[in-house]
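Me: I would like to go through the terms used for this model one by one, setting each value against its cut-off.

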Amino acid sequence: FTLDGTAYTLPGFSTMNGSGNLNVRCSDKEHELELDVGNSTYEGPGTYVFSSQLQKGSLKFSTPKAVYAVGFGNTSASATCTVVITEAPKSSFAQPGSTTKGTFTCTDVARFPKDEKGKVEKDSNGKFALTDGVFGMRVR
């Protein structure tokens, strides 16, 4: 995916917790992506839209200098993410080894800078688009 002018490719995995959620986790030594789809409404492949007001998912991406977020109370009111699940088990009780694939894009993603000690500031200092998000991974 691309965010704030930088392209990222991260290894990851997905989980399904049995409560109507698909969780996508990707990370390396300096970056971590948490994409939660459904918030008790996940029903298999399809299109899922969430925002700070529409609590049907969340996105959080951490870098050494900032945290980007959608779907939390203090994020941009105009922020929206669209996740299209193209391949996944229909149940949120997925067998380990099952495949999940999809795409995601977000608008007005709030950026919260970190101070020199790594503490996240309370106020956002910008809004950014997340584009070209693609995932294909195994369920753990």
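Me: How do the residues of the lining of the largest pocket divide into nonpolar, polar and charged?

Reply: They divide into nine nonpolar, three polar and no charged, where Ala, Val, Leu, Ile, Met, Phe, Trp, Tyr, Cys and Pro count as nonpolar, Asp, Glu, Lys and Arg as charged, and the others, Gly among them, as polar. This is a predicted model, in which local features need pLDDT of at least 70, side-chain atom pairs count only at pLDDT 80 or more, and totals for chains, interfaces and linings use all residues. Residues are numbered from 1 along each chain as its sequence is written, and side-chain values use heavy atoms, with hydrogens and water left out.

Me: Which residues line the largest pocket, and what is its volume?

Reply: The lining includes Phe-1, Tyr-8, Cys-26, Phe-104 and Met-137, and the volume is about 160 Å³. A pocket is an open set of points, on a 1 Å grid over the protein atoms alone, with protein on both sides within 12 Å along at least five of seven lines, and lining residues have an atom within 4 Å of a point. Strand E11 (residues 127-138) gives the most to this lining, with four residues.

Me: Why is Ser-14 called buried?

Reply: Ser-14 has a relative accessible area of 0%, and buried means under 20% (1.4 Å probe, protein chains only), so the term applies to Ser-14.

Me: What makes the pair of Ser-14 and Thr-100 a polar contact?

Reply: Their side chains come to 2.9 Å, and a polar contact is a pair of N or O atoms within 3.5 Å, of which, within protein, one must be able to donate a hydrogen and the other to accept it. The C-alpha atoms of Ser-14 and Lys-101, 87 residues apart along the chain, are separated by 9.6 Å.

Me: How do you know that E4 pairs with strand E3 and with strand E5?

Reply: Two strands (DSSP runs of E, at least two residues) pair if DSSP finds at least two bridges between them. Five bridges join E3 (residues 12-16) to E4 (residues 22-27), which run antiparallel, and six join E4 to E5 (residues 32-37), also antiparallel, so both cases meet the cut-off.

Me: What makes the largest nonpolar core a core, and how many residues has it?

Reply: The largest nonpolar core has 31 residues, and those with the most contacts inside it are Phe-1, Leu-3, Leu-35, Leu-59 and Phe-104. A nonpolar core is a set of buried Ala, Val, Leu, Ile, Met, Phe, Trp, Tyr and Cys residues joined through side-chain atoms within 4.5 Å. E11 gives the most to this core, with four residues.

Definitions and conventions
1 Å grid on protein atoms, 1.4 Å probe; cavity = no way out; pocket = protein on both sides within 12 Å on 5 of 7 lines; lining within 4 Å. Points joined across faces, edges and corners; volume = space filled by probe spheres on them. Buried < 20%, exposed > 50% of the residue type's maximum accessible area, 1.4 Å probe, protein only.
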